[in-house]
Amino acid sequence: RITQKGNPSHVHGVTGLSQPVILVMLTGRARCSSTTASTNFYQNHRRYVKSRSDKQLYGDLESTPSEDCSPFLRNNDSKIYAPCGAIANSLFNDTIKLQYKSGNEWLDVKVTGRGIAWESDKKYKFKNPIDAKDSEELRKAFEAAGTIKPMDWQKEIWQLDETDPENNGFLNEDLIVWMRTAALPNFRKLYRKLVQEGEF
């Protein structure tokens, strides 16, 4: 059974429909992962693709990002969004639960958000400021720089993964996966990997 909480992804009038999809990949042993599928969401639009700051995503909170991030560069009080730009602002934030039936009750399938992003992206394109290792260090770094979360985000950047303190900030794997824009308007993105424990 799959349950999903959240709203369709949107960027000021551009709506994309998202739905959970389960893919089974066989690599010696059965391994499962879940992906999200979006339709009619144009991540390949020229202005959308440019609307980011690679310097900022690599941990530089001191310099002002370019106007490519506009209108998602700063708020009305001139505080810089981190991360800035339309791509980050439209981050997929639904919560998807996988469950299986055991007797009369539904139990959660264990999943992880680790290992869903490309290793090369994590190593060469994304970095937390001052190499912050946990949520508290991240909070201090972003607050000291005077940045704020993107306007449509519900959580602060240091709270993206409350179950794994090391999977936050610019190194959050959901963020890294979303920032790798799709070439076509109908696309799938890796959401979670199933933890291989026991049988169900």
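## The second largest cavity

Eight names line the second largest cavity in this predicted model. They are Ala 82, Phe 142, Thr 147, Ile 148, Lys 149, Glu 156, Ile 157 and Trp 158. The space inside is about 30 Å³.

What classes of residue make up this lining? Of the lining residues, 5 are nonpolar, 1 is polar and 2 are charged. Lys 149 and Glu 156 are the charged ones. Thr 147 is the polar one.

## The largest cavity

How many cavities of 30 Å³ or more does the structure hold? There are 2. The largest has a volume of about 100 Å³.

Which residues line the largest cavity? Thr 36, Leu 91 and Phe 92 are among them. By class, the lining of the largest cavity has 6 nonpolar, 1 polar and 2 charged residues.

## The disulfide

The structure holds 1 disulfide. Cys 69 and Cys 84 form it. Their sulfur atoms sit 2.0 Å apart. Such a link is a covalent bond between the sulfur atoms of two cysteines.

What does the pair tie together? Cys 69 lies in the loop between α2 (54-57) and α3 (86-89), and Cys 84 lies in the loop between α2 and α3, so the link joins parts that are 15 residues apart in sequence. The link of Cys 69 and Cys 84 is right-handed, with 40° about the S-S bond.

Are the two cysteines buried or exposed? Cys 69 is buried, and Cys 84 is buried too.

## Confidence in the model

Over residues 8-17 the pLDDT is below 50. Beyond near neighbours in sequence, this stretch still has 28 contacts in the model. Over residues 22-28 the pLDDT also stays under 50. For residues 22-28 the model has 13 contacts beyond four places in sequence.

Terms used: Residues are numbered from 1 along each chain as its sequence is written. This is a predicted model: local features need pLDDT of at least 70, side-chain atom pairs count only at pLDDT 80 or more; totals for chains, interfaces and linings use all residues. Side-chain values use heavy atoms; hydrogens and water are left out. pLDDT is the predictor's confidence in each residue, from 0 to 100. Contact means heavy atoms within 4.5 Å. On a 1 Å grid over the protein atoms alone, a cavity is a set of points where a 1.4 Å probe fits but cannot get out, and a pocket is an open set with protein on both sides within 12 Å along at least five of seven lines; lining residues have an atom within 4 Å of a point. Grid points are joined across faces, edges and corners, and a volume is the space filled by probe spheres set on the points. A disulfide is a pair of cysteine sulfur atoms within 2.5 Å. Helices (H or I, at least four residues) and strands (E, at least two) are DSSP runs, numbered from the N terminus. Buried means under 20% relative accessible area, exposed over 50%, partly exposed in between (1.4 Å probe, protein chains only).
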